[in-house]
Amino acid sequence: MYLKLYKKTAFVLGVLLAILIFNACELDDKYPISAPEQYTKDDVKSYADLFKVFWTVMDQRYSCFYEQKRKDGKDWDAIYNEYYPKFSALKTFGRSTDDKNEIDTDKVKAIHYFVDIINPIFDRHFFVKIKIPLNRYQYGIFRFQGGMKEQHANSYMFSSKLGYIKKYLGNDTICQKYTLIPGVKKSDLSITYLMGSVKKNPDIYYLTYDSFSLYLSDLTKFLSSKFLNDSNPNELGLRTRNIENNPLLGRITDLTVRENVKELTRAIQSKWEAFTIAPELNVFRTLCRQFMATEIVSDDLLEAARSALIKYDELPVYYEEETYATVLTPESKPYMDWFISEMEQYIGNERNMNDFETAAMAVIERAPFYQNLLNPLHKGTIKKLILDLRSNGGGAVKDLQFFIERLVTKSTIWSYERTKEGNGRFDYTPWIPQKTKPHKLGGIPSNIPIAILTDNYSASMSEITVLLLKSQGNHVVSIGDYTYGATAGVTSNPADFNGGVVGNIADNWFYFYMPFSAVKDANGEMIEGIGIKPDIYVAPPTDAEVTQMENAPDTFVDRVMEVAVNHLSSK
């Protein structure tokens, strides 16, 4: 009995397998499978090729086709069947023999086709730039993304908020901007934040920032350097005899110059040597170690950074020739070059004094963020919080660990994530729960009322933050408008996940920015392309209000802020 059942099952499976293999071969012939990175310019010789490469990359790597089809019936095979003939009918492609009027006509049609195909894509992180012929000799780069035909509501732009929000805040208001490297004012990577207690109710603390780059405030990245090791300087680096016995010094024939050179370099060495064991530096080292264990920026640490930096700034600048101007001659220059090189090895590499300067500047520059926000949150002195994420388009995931987890008190499921596991259109992994966890050193001692302000430009990490914090309980509410609806994960290494593409394809015919994953909220709902519905809806600003917030900030009334303050005041 079992043998017959087995044979019958094996026969059925064999037939099904044969059908699947046959169908797969048919599809492979129609849509040849190739890793996106393998395409070259030789694969794009016509509009038909251009469409086919685009279609195939999407077919292999886009992570939301199942939900896309369920939402609007978009069938990717139907897209191919409809648009491949249309692109094939475009006979020009910027060739020298093409008619210039037909080139322009085909360009307009190609752009129109791509807009029609891509506009319904609901992954709001996704976009693609496509090179399209403009004439016989030139090409244009055109950007396409989902929802590109949609009209977006007005928003509270960050620059406008900086102009008017201060009138809602008290005398403890702080507005700072800094970059990745302490002391450097201009950089592609920076953070600007504004915070302070609310005048109407000082128990409420307000925070807004332009992007999720708060991790630039993280002092642990600066205070983990080797300069904290106070090793014995006599065991390292330059010694007096290295100077006196150096053959390059002996080649200076003018004895007066030689002696002056020797005394100058010995003095420079001695001053730097003394600084490496100076009391000011040792105090700073000790307090830095205490910070690494607690992440509390004390007034003592701040004062120690200032004192040590003052002492540091008094040191001679050993790496500039100007320091040696009084004794620099053609004969002494080889020795000076050697001395500067040795000092750099000793001071910079062995004693890590360059790291000290960066660390001390970082403490001074970033102390307000700790002393006015992170430390009070940890101590429980901030009782209520407004987190204003309006017009915050997202940023770095590492902000979750650095800041958002400090507002978490328990482990909860806040979302589910899924990636691709093969080139097949529906080769998905199971949905994997994403869980919160409190900060490694402990966040807030207990839950506090939190109002998260959102608008239609709150995207990506802003939305992740809303989902994560709302999973903590009803003490967290979102107020304002729907968010943007861009929650899928993006990575610079999409091949690790078999999904997504970030980079140029086919020798710059395409630039894809395609997420590798799909995300659902804790209730199993997709919010991609929809956004997170606020708990308390407040209509977006009108055109007149946008004009007022930009041109008359002193009289502008922020309706969302007013609702948030009233809500938290009732808690």
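This is a predicted model: local features need pLDDT of at least 70, side-chain atom pairs count only at pLDDT 80 or more; totals for chains, interfaces and linings use all residues.
Does Phe-291 count as buried or exposed, and at what relative accessibility? Phe-291 counts as buried, because its relative accessibility is 1%, and buried means under 20%.

The protein chain has 571 residues, and 50% of them count as buried. Its secondary structure comes to 17 helices and 14 strands. Among the contacts with a separation of 6 or more, 76% are made by residues 24 or more positions apart. The chain exposes about 27100 Å², and carbon and sulfur atoms supply 52% of that area.

Confidence comes next. The mean pLDDT of the protein chain is 88, and 90% of its residues reach 70 or more. Over residues 1-33, however, the pLDDT is below 50. Beyond near neighbours in sequence, this stretch has 11 contacts in the model.

In soluble globular proteins, nonpolar side chains tend to be buried together. The largest nonpolar core in this model holds 88 residues, and those touching the most other members are Tyr-209, Phe-284, Phe-356, Leu-373 and Phe-403. Helix 13, residues 353-379, gives the largest share of this core, with 12 residues.

Aromatic rings give another view of the packing. A pair of aromatic rings is described by the distance of the centres and the angle of the planes. The count for this model comes to 43 aromatic pairs. One of them is formed by Phe-114 and Phe-144, whose ring centres are 5.6 Å apart with 45 degrees between the planes, a tilted arrangement. This pair links distant parts of the chain, as Phe-114 belongs to helix 5 and Phe-144 to strand 2 (residues 139-145), 30 residues apart. Both Phe-114 and Phe-144 are buried.

The opening residue, Phe-291, pairs with Tyr-370 in an edge-to-face arrangement, with 5.5 Å from centre to centre and 70 degrees between the planes. This pair also links distant parts of the chain: Phe-291 is in helix 10 (residues 279-294), Tyr-370 is in helix 13, and 79 residues separate them. Tyr-370 is buried too, because its relative accessible area is 0%.

Helix 5 spans residues 100-118, and Ile-118 is found in it. Ile-118 has a relative accessible area of 0% and is therefore buried. The C-alpha atoms of Ile-118 and Val-128 are 9.1 Å apart, and the two residues are 10 apart in sequence.

Helix 15, residues 461-470, is mostly covered, as nine of its 10 residues are buried. These buried residues are Met-461, Ser-462, Glu-463, Ile-464, Thr-465, Val-466, Leu-467, Leu-468 and Leu-469. They pack against strand 6 (384-388), helix 14 (399-402), strand 7, strand 9, strand 10 (476-480) and strand 13 (517-521).

Two loop residues complete the tour. Thr-429 lies in the loop between strand 7 (413-419) and strand 8. Its relative accessible area is 15%, so Thr-429 counts as buried. Leaving aside neighbours within four places in sequence, Thr-429 is in contact with Arg-418, Thr-419, Lys-420 and Glu-421.

Lys-440 is found in the loop between strand 8 (432-435) and strand 9 (450-454). Why does Lys-440 count as exposed? Its relative accessible area is 66%, and exposed means over 50%. Lys-440 and Glu-405 are 35 residues apart in sequence, with 8.4 Å from C-alpha to C-alpha.

Key: Residues are numbered from 1 along each chain as its sequence is written. Side-chain values use heavy atoms; hydrogens and water are left out. Helices (H or I, at least four residues) and strands (E, at least two) are DSSP runs, numbered from the N terminus. Buried means under 20% relative accessible area, exposed over 50%, partly exposed in between (1.4 Å probe, protein chains only). Contact means heavy atoms within 4.5 Å. Accessible areas come from the Shrake-Rupley method with a 1.4 Å probe; for residues, only the protein chains shown count as cover. pLDDT is the predictor's confidence in each residue, from 0 to 100. A nonpolar core is a set of buried Ala, Val, Leu, Ile, Met, Phe, Trp, Tyr and Cys residues joined through side-chain atoms within 4.5 Å. Rings of Phe, Tyr and Trp (its six-membered ring) pair if their centres lie within 6.5 Å; planes under 30 degrees apart count as stacked, over 60 as edge-to-face and the rest as tilted.
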